[in-house]
Amino acid sequence: MNQIVEKVLFSEKVAKFVVDAPRIAKSRKPGHFVILRVDEKGERIPLTIAGADPVKGTIVLVVQKMGVSSAKLFELEVGDYILDLVGPLGKATHIHQAGTVLACGGGVGVAPMLPIVEGFKKAGNRVISIIAARNKDLIILEDEIRKWSDETIVMTDDGSYGTKGLVTAGAEMIIQREKVNECIAIGPAVMMKFTSLLTKKYEIPTQASLNAIMVDGTGMCGACRVSVGGNTYFTCIDGPEFDAHQIDFDELIMRLGGYSNEEKLAYERYV
Ligand code: FES
């Protein structure tokens with residue numbers, strides 16, 4: 001069992017949890033994720049690690065209340081325990097010297113983007129970050145992203161904060177202004193799809209971190225399968241990052257919505 005040592009509400013539906021997990025804190029790298037269960041009947045929730053303190057033995061997870069399991073997790077408080085938490089899982093981000101890196105994060109995708117931005121900055125790259133959300137309340141970790149970025153652009157769909165518009169508008173502005181050597185996209189699948197289409201047009205190598213549905217997280221159940229370049233991969237062991245220009249985003253979006261009716265019903269019963 002892993003104890004929650006800190007909880008910070010970013011908004012009504014998004015919270016940061018600092019969780020006691022010493023071994024994971026020591027070995028995790030940018031891009032790694034964990035799978036947790038809140039209780040014995042709980043779904044297994046994959047969450048990318050947003051940060052870690054190896055000295056204190058803690059990791060940072062950012063949770064958005066979306067369905068029953070995430071609502072149960074969201075309701076936990078400091079001192080409460082998560083039933084089980086396994087990780088670090090997945091392949092770490094390939095951090096290297098690329099030149100200028102454009103990091104595009106949407107919604108809670110900004111949380112897993114943070115350690116990647118930090119990693120690329122520490123590796124000597126020029127890092128430009130775009131953080132985007134539907135509105136001001138959903139913009140998270142702005143100060144932390146600014147700390148590790150040479151330039152940070154905030155975008156909101158409704159214009160309630162930063163520049164009004166989608167992440168792709170900010171990205172295209174940067175791409176037209178200066179040479180971008182590599183792009184990272186993390187956020188809702190539809191946002192990553194359109195970021196990928198944009199960077200494909202400009203032939204900028206792009207990695208997207210996929211949020212596929214997962215069960216075991218060890219490559220056995222097939223729940224997280226995705227098509228990349230015409231081949232089938234498992235997000236949990238082959239990803240979560242893939243060459244965005246090769247990903248079949250339409251299939252991913254369809255699979256992500258596969259249980260939406262059941263999820264909606266279960267949530268209505270829960271509340
Ligand atoms: Fe089961 Fe990836 S979660 S194969």
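Tutor: Two strands pair if DSSP finds at least two bridges between them; strands (E, at least two residues) and helices (H or I, at least four) are DSSP runs numbered from the N terminus. This is a predicted model, in which local features need pLDDT of at least 70, side-chain atom pairs count only at pLDDT 80 or more, and totals for chains, interfaces and linings use all residues. Residues are numbered from 1 along each chain as its sequence is written.

Student: Which residue in β11 is the bridge partner of Ser129?

Tutor: Strands β10 (126–133) and β11 (151–156) are parallel and share six bridges. Ser129 is bridged in β11 to Thr152.

Student: Which strands stand at the edges of the open sheet?

Tutor: The seven strands of this mixed sheet are ordered β12-β11-β10-β9-β13-β14-β17. Two of them have a single partner strand each, so one side is left without a neighbour in the sheet: β12 (163–164) and β17 (241–243).

Student: Which residue of β8 is the bridge partner of Arg37?

Tutor: Strand β3 (33–37) runs antiparallel to β4 (45–48), with four bridges, among them Val34 with Leu47. Four bridges also join β3 to β8 (84–89), again antiparallel. In β8, Arg37 is bridged to Asp84.
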